[in-house]
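Keep the sequence and the model in view.

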Amino acid sequence: MTDPTKPTPPDLLLAFGAHPDDVEFGCGGIIAQESRAGRRVHLVVCSGGEAASHQGDRREEAERGAQALGASVSFVDLGGDAHVEATVANALRLAAVLREHRPATVLAPTPVENQHPDHARLGSLVRDAARLARFGGIGELTAPPHAIEQLFYYAVTPGAALAAMPVLVDVSAVVERWKLAMAAHASQVATRGYVELALAQARVRGLEAGVAYAMALYPNDPLVVDSLQQFTRSARRF
């Protein structure tokens, strides 16, 4: 019999964003890289972005952005843009999402407080949800328990980066796809240089790593490998 607490084969990456453009700007290059390698990727957007100063059809923009990255997308309501709260009810709602999709790897915004409060709260909620999804005795969760393999955080904005040592992902081969995904959020990129900012950060990370462009992820827990040979290279170039 299959153990329901064990994850399905590591072929699904689930990325959470508080707003329709968070994933694209915060880790879009990584999403494009994973889908290019043949991995299934699904994005979960946790508000409609309705509190933004500049409005467009944010849902349609999210769908076009996900398509450009080679991902699917769905929406879950955690109270609305600028109203996301770190409650047990919201953590259970996200735990149900994890049980439904049964991902191996999960991405979420960093829980750093000095950023949009929805970002920080969603990062904490996803962390809590990953634990709750494992517990078989929670009555509100009807789908079988599920344990993910890894939780990584991404920084939506520069000030949201964690002080911990990041894992750098080379996204040089998918920069054009990433640009298309960011450009899909036309209502937002028309107001500020979000695309230029994201590319500049990735360029600096890439120079540090000896590649053209790289993006950072921060593991929630220590990573486990069978051999040091699984590590390829470090980012020490300067």
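Q: Where is the place of T105?
A: This is a predicted model, where local features need pLDDT of at least 70, side-chain atom pairs count only at pLDDT 80 or more, and totals for chains, interfaces and linings use all residues. Residues are numbered from 1 along each chain as its sequence is written, and side-chain values use heavy atoms, with hydrogens and water left out. Helices (H or I, at least four residues) and strands (E, at least two) are DSSP runs numbered from the N terminus. On that scheme, T105 sits in strand β4.

Q: Is T105 buried or exposed, and what is its relative accessible area?
A: Buried means under 20% relative accessible area, exposed over 50%, and partly exposed in between (1.4 Å probe, protein chains only). T105 falls in the buried class, at 6%.

Q: Which residues is T105 in contact with, leaving aside its neighbours within four places in sequence?
A: Contact means heavy atoms within 4.5 Å. With those neighbours set aside, T105 touches L12, L13, L14, R39, Q150 and F152.

Q: Which residue in β5 stands opposite T105?
A: Two strands pair if DSSP finds at least two bridges between them. Strand β4 (residues 105-109) pairs with β5 in the parallel sense over 5 bridges. Opposite T105 stands Q150.

Q: Through which helix does the chain cross from β4 to β5?
A: The β-α-β crossover is right-handed: with the strands pointing away from the viewer, the path from the first strand over the helix to the second runs clockwise. The helix on the way is α4 (residues 117-132).

Q: What is the phi of R102?
A: R102 lies in the loop between α3 (88-101) and β4. It counts as buried, at 17% relative accessibility. Its phi is positive, in a residue other than glycine, and is near 55 degrees.

Q: What is the phi of A82?
A: A82 is in the loop between β3 (72-75) and α3. At 40% relative accessibility, A82 counts as partly exposed. A82 is not a glycine, yet its phi is positive, about 70 degrees.

Q: Within what arc do the buried residues of α7 fall?
A: The buried residues in α7 are V195, A198, L199, A202, G206 and A209. An α-helix has 3.6 residues a turn, so residues three or four places apart point the same way. The arc is that of the directions from the helix axis to the C-beta atoms. Seen down the axis of α7, its buried residues line one face, because they fall within an arc of 95 degrees.

Q: What is the radius of gyration of the protein chain?
A: The chain has 7 helices and 7 strands. The radius of gyration is taken over C-alpha atoms, and the globule rule is 2.2 Å times the number of residues to the power 0.38. That rule gives 18 Å for 238 residues, and the chain comes close to it, so it is as compact as a globular protein of that length; its radius of gyration is 17 Å.
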